[in-house]
Amino acid sequence: MSGARDDTTTAFGPVLTPNGTRFRLWAPGADGIELELSSGTRLAMAPRGGGWFAVEAPVGPGTRYRFHLPDGTAFPDPASRAQAEDVHGFSLVTDPEAYRWCTDWRGRPWHEAVILEVHAGICGGFAGVAAKIPAWAALGITAVELMPIAAFPGTRNWGYDGVLPFAPAAAYGTPDELKALIDTAHAHGVMMLLDVVYNHFGPDGNYLGLYAPDFFHPEQATPWGPAVAFDRPEVSRFFLENALMWIEEFRFDGLRLDAVHAILPPEALAALGRDIRAHLPADRHVHLVLENEHNDAALLPRPFDAQWNDDIHHCLHVLLTGEREAYYGDFADAPSARLARCLSEGFAYQGEMAPNLGRARGTQSGHLPPTAFVSFVQNHDQIGNRAFGERLLALADPDSVRAALALVLLAPQIPMLFMGEEIGTRTPFLFFTDHAEGLADLVREGRRAEFARFSAFSDPARRATIPDPNAETTFTASIPAPPPDAEEWEAFVEDMIAARHTHVIPRLEGAVSLGAQAVSEHAVVARWRMGDGVVLTLAANFGAEPCPAELPAALTLIASSGAVDDFAIPPRATLAFLESEAE
């Protein structure tokens, strides 16, 4: 039988054998486990020690199966490679080698990444994303990052409520359709990255606590429930195998690990990164990226390549909108000075007390290469976690947004756009789910209660207008619509990315900061010595008036908007200069 997995390295999930399929389950809290096939056949699984159960059956790909506890509770395989229907139903046996790849792809170096973050469901599933790849590649995008696609309840979800990490969500398409998407991207020279959630499981469809309570540490709380027990070998192996499945079987070019500050104990994260890298072939470019509220520089640039830098977003957001509530309060005192530190050193907070957070945050990061940080003006969190999901163009002057985009796209840090940003869409991106009755009510009311601490939502009647996450209209309202000036925005973004490909990326390896300064309350100037010795200077002014500044005598490489003045940064504009050090 084709597609046999090596069960000496794969502990979780079904394994095809010459005689059928071997099923395994780690259920240390169960007295016994039965395998049920959709034909009605039920087979007792033999205990194998250490909480493991196994049985082999003469069935192959396409077989529907699930497990049973002695009390009759039925549940899917936690390492299901596909679900027949929803996360409560039958799992499917798949053949990991059935898909015939059209490309022989080894990837791209990390410094070439220009990332577009995408929600597969909003794009129409895996096939819908694949249809957009040629246009994104023509724009200059070199990496598409999918928000989480692990199976979740219902048909609409951001992905962070996933409960079956190995199974691509059926609402988006089949495993082979996902592989076809990745094949298409690679054929156009585009890397595919995947957002994975290893710090928690969603609230609906997670049965692990019934038969494997050792999967969690109930005494260690996270915002989503008990901490996952990464210090247990079986648990760490579960997530290592998941990461390797996406990289090896599906040929993803990298992973973005969500909210790793909730992975406990902290040393488990570094171990996971090292273990993933130990299994990777030397001839492939595979990239590992973190979201980490703790800003721990010790994890960068190995075993992880980079971290999403929320600090630079927060500085830009305060400069463009003037907002100061919640975490923006930690950046409102001197946003241009903090932005300058982000551009030159990475993190704005490197061990200092963050007043809103109420504790010290971050570690020293000035020694890291610029490519250890992913910069963005917007992402799914920073838009969707607003009550009404407003994009920045609904909150700030368009020229200021252009200036911020130019800064992000031309700076040596790795740039990321959020889907729709490339056409200047004003469509909101709202928080949406598709939970069953009961949980849907709790999510809706919980969502509205989150905003009670904001002055704009102190009135209960105002909070009641926050869109219901479970309403289908909330999902459809989030599909990016092209605005009247879409072509203008797309041309601008294409020009900025083209300038990056021509003038920045070829010089990125070996780039080091030469410092950055706030030259006014609204403007910064930053300089880097690039890998070939050329100096890149970026001067950005988010204010409404020209800002006097000492600028290079070299010819201006590009301006985001406005007329160029040799002695001032135009209002709401970013300028870029290239000069040799001798000049």
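Helix α1 (residues 125-139) and helix α2 (residues 175-187) pack with their axes 9 Å apart and at an angle of about 10 degrees, where the axes are lines fitted to C-alpha atoms, for helices over the stretch in contact, and angles run from 0 to 180 degrees between N-to-C directions. That angle makes α1 roughly parallel to α2, since angles under 35 degrees count as roughly parallel, over 145 as roughly antiparallel, 65 to 115 as roughly perpendicular and the rest as oblique. On the α1 side the contact (heavy atoms within 4.5 Å) is made by F126, V129, A130 and I133, and on the α2 side by E177, L178, L181, T184 and A185. These residues divide into seven nonpolar, one polar and one charged, with Ala, Val, Leu, Ile, Met, Phe, Trp, Tyr, Cys and Pro counted as nonpolar, Asp, Glu, Lys and Arg as charged, and the others, Gly among them, as polar.

The model is a predicted one, in which local features need pLDDT of at least 70 and side-chain atom pairs count only at pLDDT 80 or more, while totals for chains, interfaces and linings use all residues. Residues are numbered from 1 along each chain as its sequence is written, and side-chain values use heavy atoms, with hydrogens and water left out.

Helices (H or I, at least four residues) and strands (E, at least two) are DSSP runs, numbered from the N terminus. Strand β10 is covered on both faces, with I115 and E117 buried on one side and L116 and V118 buried on the other; buried means under 20% relative accessible area, exposed over 50%, and partly exposed in between (1.4 Å probe, protein chains only). Strand β10 pairs in the parallel sense with β11 (residues 143-146) over four bridges, pairing being assigned if DSSP finds at least two bridges between two strands. Within this pair, L116 stands opposite V144 of β11. The chain passes from β10 through α1 to β11 in a right-handed β-α-β crossover, a term that applies if, with the strands pointing away from the viewer, the path from the first strand over the helix to the second runs clockwise. Three bridges, again in the parallel sense, link β10 to β23 (residues 414-418), where I115 stands opposite M416.

An antiparallel arrangement is found in an open sheet of four strands, whose order is β1-β2-β6-β5. Because β1 (15-17) and β5 (46-49) stand at the edges, each with a single partner strand, one side of each is left without a neighbour in the sheet. The twist averages 30 degrees from one strand to the next. Strands β2 (residues 20-26) and β6 (residues 52-57) run antiparallel and are joined by six bridges, and L25 has F53 of β6 as its bridge partner.

The backbone itself deserves a look as well. Most residues other than glycine have a negative phi, and most peptide bonds are trans. The peptide bond from L264 to P265 is cis, with omega near -5 degrees, and P265 lies in the loop between β17 (254-257) and α5 (267-278). Another cis peptide bond joins R302 and P303, with omega about 10 degrees, and P303 is found in the loop between β18 (287-290) and β19 (306-308). N295, in the loop between β18 and β19, has a positive phi of about 50 degrees although it is not a glycine, and at 2% relative accessibility N295 counts as buried. R251, whose phi is near 65 degrees, sits in the loop between α4 (233-249) and β17 and is partly exposed, with a relative accessible area of 26%.
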